[in-house]
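Dear colleague,

I am passing a structure on to you, and below it you will find what I noticed when going through it. Please keep the model open while you read, and look up each place as it is named.

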Amino acid sequence: MTTLSAQPRFLRSITLDRANKFTTTDFYSDINLYSKLYSKRSADAVELSVYSVPDLKRIPFEKAVKQTFKPTSTGTNYGPSWSTHWFKLRITVPKDWAGEHVELLWDSSSEAMIWSTDGIPRQGLTGDRGNDRRVEYTLLKKAKGGEVIDLWVEMACNGMFGTGKNGLINPPEDNRYFNLSQVELAVPNHDAWQLFYDMQVVTGMANELPNETARGQEALYVCNQVIDAYDRDDLASLKKCLQITHGFLSKKAAPDAHRVTAVGNCHIDTAWLWPYAETRRKTARSWSTQLRLMEDYPEYVFVCSQAQQLEWLAHDYPKLFQEIKEASKKGQFQVIGSTWVEMDCNLPSGEALCRQFLYGQRYYEKNFGARCKIFWLPDTFGYSAQLPQIVKQAGAQYFFTQKLSWNNINKFPNTTFTWVGLDGTKILTHMAPCETYTAQADVGDMVRSIRNNRDLAFSNQSLLPYGNGDGGGGPQRAMLERLRRMKDIDGLPRCDMGSAESFFESVEEKAKGLQEWKGELYFELHRGTYTSQAATKRYNRKLEFLLRDVEIATTLCMSLGRDHAYPKADLDLLWKDLLLNQFHDVLPGSSIELANIDARAIYRDIETKGKRLLEDSLRCLYQSKPSEDGDGNGESYVAFNSLGWDRSEIIEIPVQSGDNLQQYSAGKNTGYVRVDNGAFEYRDIADSKSETSRVQAIAHGQEFILDNDFIIAKFNQQGHLVSLYDKHETRELIPAGQAGNQFKIYEDVPLYWEAWDVEMYHLNCGKSAGPGKARIGEVGPLRATIIVEYTLTDLSTASQTIVLTAASPRLEFHMEADWHESRKLLKVEFTWDIISDVATYDSQFGVIQRPTTYNTSQDYAKFEVCGHKFADLSEHGYGVALLNDCKFGYSCHGNVMRLSLLRSPKAPDLHCDMGHHEFAFAVYPHKGTFHESNVVRESYQFNVPLAVHSIAKSSLREHKPISYFGIEGAKNVILDTIKRAEDSDHIVIRLHEAFGGRAQFKLKSPLNIQSVVRCNILEDESDPVEFNKDERSSGWIVLHAFEILTLKLKVK
Ligand SMILES: [Zn+2]
């Protein structure tokens, strides 16, 4: 007799739902597999007492344990936000737990850290619900029963993403309390956990593999089988379940399966939704956690980036730092990244990018014995076209990121490819196809590694950066368990826990015919980060130039044998602080207010100390003692030019009795003089020629006119630039009926990421700002001004001083604004009588051309772009540049050029950019195209004024102005950096070709240079450069387009 099967056909949707509910905490958690994970529990075993640290202070362990602790219990709330509470735990293991593996479960709904009694961080904890939850700490692998163990727990009243109100990026809540919901001992059920992990993989495969595959169907079938076999009243049934899953999981992957290298990491934003001080603790929590996992998983590899965080850790947690160094020797804890912090790559200067690598690589070499081969930067908002060259010159060879997967217009077409930089330097690059740097190491990640991999034909492998970031502490035990199971399994890629370096080496060896991508990796999102937090941007620009000037002046003192110690230690500290604030949520302006307050305090400190160093070194250079200074009639004004070419400028100086100046300022306490300085030269202002050209400001009918030998600029009553006429070229630049210097206010309401994003539709909703009212200020003959007062809106005002001097066609606009808006964006706009399909933008050690059209989706994706000191629009024969002194957001469309000035996002910093601002921009018209122009030099001059000091005349008695460095033969070479060598008293200089062409030049210097050698950014020496000591000149040096050249000049 035949009988029918008792089992109906299994259905996909129903089986998946059933399988998901088998392991979840959300349904049936009193009877499903989740309910069997612990076989014994005891809350009574833990005796708790607490000390709450007053005033939101974060105190060290040694201080904390000396305080008076009060008894407490679970269920208590702790707060407010950002406060710290230390707990003393006295644990008595139940006697009948002998032989058991015992865990402490701690959930304070916040971040916390377990300390041993000898003051070593043991592990981080992340409470609350979600993927990032980590509440288990292995107390004993085999209990004796009855033992008493003391521990300390430091509870921080913030979640892993800070304390944002009702959502991730909202400004922090000041008064949040966190519930200490769970403190108990527990004994895990080994079989239940094994089945739990097995089922995550089996269910994952049933979910992710296509239904048409036999393996996907099999996974589904196994889900049903396991749950059928599970008997909640009989724990022995778990063994039967495990037999079923083992049968499924033991089938091997195909021989040619895709290969995934899984690299553990925990992306810790150096500041973001929390201040720097909390990051210092996050590193200790996360990295101590990883050391514990390494003890249990010897094949596990974890990478950690950002030298700054390691330096903090070494300072705050020296014993933990030693443990990390030990783990690094074993190869399990690997330092990676090459840079000081994971910096923004749009806004820092070329030199700052070099210093990120210089300080990063030197730190790794000194503390971990080797430099990094990988530039690891998964989370930054666009990548400068000069990076391939800088990375290679900084001793690294590979680049890893994934951020372009966030593009909201075009999918980036490559996964594993060769990135070709501005100068042609090539670097092997991989963008993780899992499209995150906090992958969960689940089946979905494996499937995505193939599905999103756009270069499988060329390279059949991918990298999986997994682990929870920020406060999540990195990879979890479950991730490692899943990876073990997915190592070699039919239906999925082969997967190894390994190092990123071995991954790249393998790609380098095996990949064939990789595609190339030339130029910048423009990020099609977060375009508001060129403008948000205006003060941060301004400090960064000004301080990069300040440190540059300090290094130049102090290097000259050293080389001239002045009695002056090179302030290496001071400069290192200032540079490191500046680099720290270039972190990819600080300089871009995407951090909370607490972090921005920290950043501004750091900037003020750099400014104060940097200015003092500059003053000291210039006085030393002038051989002027402070006591001789400022004693009245014996004074002279001296100007120092820290730029590498001759310049003539009109500058303002205080008036002394007996002076006969060509022009006095309105208040008569200062006057104007023309100064002429050679490259890297200082001279007595009195040596300069008197200015023979003239400028004037006149009111004529309804117009205000500035007129010098170069241009005539006409403004209407509102301050709009209605005509700009080049006298030499007899050419009008403003089209009929159009204007420049027009302020526009745009609705600035992005889709989600407020501080980050300016969305493309903002351009649809721009209005003219309220009217300006112009009047004549100074009338010449050296400096003429028009002053315009603006009522931008009902809430915000601005005043503008428009300056034209006798010495230059550069028309300057100096602004002060009082800004009180919500989700509005202020831009200044110029319309030019110029036709060009591309605009040229200043970038790090070079320029980038981008379209002014909206033809293709790649074109209009660049509706707002990053430029440094200028953007230029040129056609055959003529062009005009819009310079700025601290702004970065440009948009050039057709013949309209806009500079973004101020934003007003309300998240994550509620007060972003509210209040007073100062900034300046300038128009520089020029004959010829950009390549034939002087725009690069002009933009430096606008950003680097001559340094002017009053010193005793006696100091200048013997002084003949000397140009300490000169470039002969090529105007397209910029000598940007002069510093002392890192490890000797030699001079290091850095130059670059700035326009995109060949340069052939000689380096001239009257300093006592014995020999010259090429080196890289890390100052490793390579080929010698011919240098004739008698002629004080090098031989011809050739640079190719956008090449960066570092030279070490050996002085006696
Ligand atoms: Zn980040």
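Ala 565 has a relative accessibility of 66%, and it therefore counts as exposed, where exposed means over 50% relative accessible area, buried means under 20%, and partly exposed lies in between, computed with a 1.4 Å probe on protein chains only. Ala 565 sits in the loop between α14 and α15 (568–580); helices here are DSSP runs of H or I with at least four residues, strands are runs of E with at least two, and both are numbered from the N terminus. Although Ala 565 and Ser 617 are 52 residues apart in sequence, their C-alpha atoms are 9.5 Å apart in space.

Before going further, please note that this is a predicted model, in which local features need pLDDT of at least 70 and side-chain atom pairs count only at pLDDT 80 or more, while totals for chains, interfaces and linings use all residues. Residues are numbered from 1 along each chain as its sequence is written, and side-chain values use heavy atoms, with hydrogens and water left out.

Helix α14 also holds Thr 554, which counts as buried because its relative accessibility is 1%. The side chain of Thr 554 makes a polar contact, at 2.5 Å, with the side chain of His 564; a polar contact is a pair of N or O atoms within 3.5 Å, and within protein one atom must be able to donate a hydrogen and the other to accept it, while residues adjacent in sequence count only if both atoms are side-chain atoms.

The largest nonpolar core has 268 residues, and the members that touch the most others are Tyr 466, Leu 811, Trp 832, Phe 921 and Phe 965. Its largest share, 11 residues, comes from helix α14 (residues 534–559). Another core, of 30 residues, lies apart from it and includes Val 93 and Trp 97. Such a core is a set of buried Ala, Val, Leu, Ile, Met, Phe, Trp, Tyr and Cys residues joined through side-chain atoms within 4.5 Å.

UniProt, in an unreviewed entry, places the feature "domain: Glycoside hydrolase family 38 central" at residues 524–603; the UniProt positions are given in the numbering used here, feature names are shortened, and annotations may be inferred rather than shown by experiment. The span 524–603 is 62% helix and 0% strand, and its end C-alpha atoms lie 29 Å apart.

Which residues coordinate the zinc ion? They are His 267 (NE2), Asp 269 (OD), Asp 379 (OD) and His 584 (NE2), at 1.9 to 2.1 Å, where donors are N, O and S atoms within 2.8 Å of the metal (3.2 Å for Na, K and Ca), and sites may look incomplete because water is not among the atoms. The 4 donor atoms subtend angles of 90 to 158 degrees, which makes the arrangement irregular: four donors count as tetrahedral if all angles lie between 85 and 135 degrees, four count as square planar and six as octahedral if opposite donors are over 155 degrees apart and all others between 65 and 115, and anything else is irregular.

Strands β35 (residues 772–779) and β36 (residues 783–791) run antiparallel and are joined by 6 bridges, and two strands pair if DSSP finds at least two bridges between them. Arg 775 has Ile 787 in β36 as its bridge partner. The two strands β35 and β36 form a hairpin with 3 residues between them, and Gly 780 in the turn has a positive phi of about 110 degrees. Gly 780 is joined to Pro 781 by a cis peptide bond with omega about 10 degrees.

Most residues other than glycine have a negative phi, and most peptide bonds are trans. Against that background, Asp 470 has a positive phi of about 50 degrees although it is not a glycine; Asp 470 lies in the loop between β20 (461–466) and α12 (477–485) and is buried at 4% relative accessibility. Phe 845 likewise has a positive phi of about 50 degrees, and Phe 845 is buried at 5% relative accessibility.

With best wishes
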